[in-house]
Amino acid sequence: MIVPFLILFSLPAIAEVISGQASVIDGDTLEIRGQRIRLSGIDAPESDQLCRGDDSLQYRCGAKAANELDDHIAGRPVSCEGVGNDQYRRIVAVCTIEGEDVAMWLVGNGFAFDWPRYSKGKYTAAQKEAERGVWAGSFVVPWAYRACIYNGGGRPSRCSDGLKVAQ
């Protein structure tokens, strides 16, 4: 199952630029004019994923990431330049709002993670600077959360608790 993902993700870059009003699907996925767009190089907590705040209480960090992204976009037009496709046939793109990299904003504000496997470290510095959002408490990185859910048949509450692991 991993091999098709790698092949699809490594397809030649898509030169397509999609711009317009964006709807937030989740913390790292937008929709513009019916086209699903996955933000390149980052991974946000899943919609049902839980994190613990600095007060040790669980909260829906995936939902918070999506809500914060929606608030940040605030109806402004988003422009996305495709760099490839993922295994779900979504366009993977670098998206901007008035010149600001949306993924950089998400990572820098603690609502998403640099995903070194795909970012080549582009968002590492922003992640190191983030001391808010999920970084204020404890969490499991989204790719480890998904692996727990899919491979271990885990429940969101069991798969969400863990140490700060950013790999």
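**Close-up views of salt bridges and a strand pairing**

View 1. Arg146 is placed in helix α6. The model shown here and in the other views is predicted. With a relative accessible area of 17%, Arg146 falls under the 20% limit and therefore counts as buried. When neighbours within four places in sequence are set aside, Arg146 is in contact with Asp43, Glu46, Trp115 and Asn151. Between Arg146 and Pro45 the C-alpha to C-alpha distance is 9.4 Å, although these residues are 101 residues apart in sequence.

**View 2. The salt bridge between Glu46 and Arg146.** Side chains of opposite charge can pair when their charged atoms come close. In the salt bridge of Glu46 with Arg146, the closest N and O atoms are 2.6 Å apart. Glu46 belongs to the loop between β5 (42–43) and β6 (51–52), whereas Arg146 belongs to helix α6 (residues 142–152), so this pair ties together parts that are 100 residues apart in sequence.

**View 3. Arg38, Asp43 and the network of salt bridges.** A salt bridge joins the side chains of Arg38 and Asp43, with a distance of 3.2 Å from N to O. Both Arg38 and Asp43 are buried. Which residues are linked in a network of salt bridges? The network comprises Asp28, Arg38, Asp43, Glu46 and Arg146. For the structure as a whole, the count comes to 9 salt bridges.

**View 4. The salt bridge between Asp101 and Lys122.** Asp101 and Lys122 form a salt bridge in which the closest N and O atoms are 3.5 Å apart. Asp101 lies in strand β10 (residues 100–101) and Lys122 in the loop between α4 (116–119) and α5 (124–129), so the pair ties together parts that are 21 residues apart in sequence. Are the two partners buried or partly exposed? Asp101 has a relative accessibility of 14% and counts as buried, while Lys122, at 43%, counts as partly exposed.

**View 5. The hairpin of β2 and β3.** Strand β2 (residues 22–26) and strand β3 (residues 29–32) run antiparallel and are joined by 4 bridges. How many residues lie between β2 and β3 in the hairpin? The hairpin has 2 residues between its strands. One of the pairings is that of Asp26 with Thr29, its bridge partner in β3.

Technical notes: Residues numbered from 1 in each chain as written. Predicted model: local features only at pLDDT ≥ 70, side-chain atom pairs only at ≥ 80, totals over all residues. Heavy atoms only, no water. Salt bridge = Lys/Arg side-chain N within 4 Å of Asp/Glu carboxyl O. Buried < 20%, exposed > 50% of the residue type's maximum accessible area, 1.4 Å probe, protein only. Contact = heavy atoms within 4.5 Å. Pairing = 2+ DSSP bridges.
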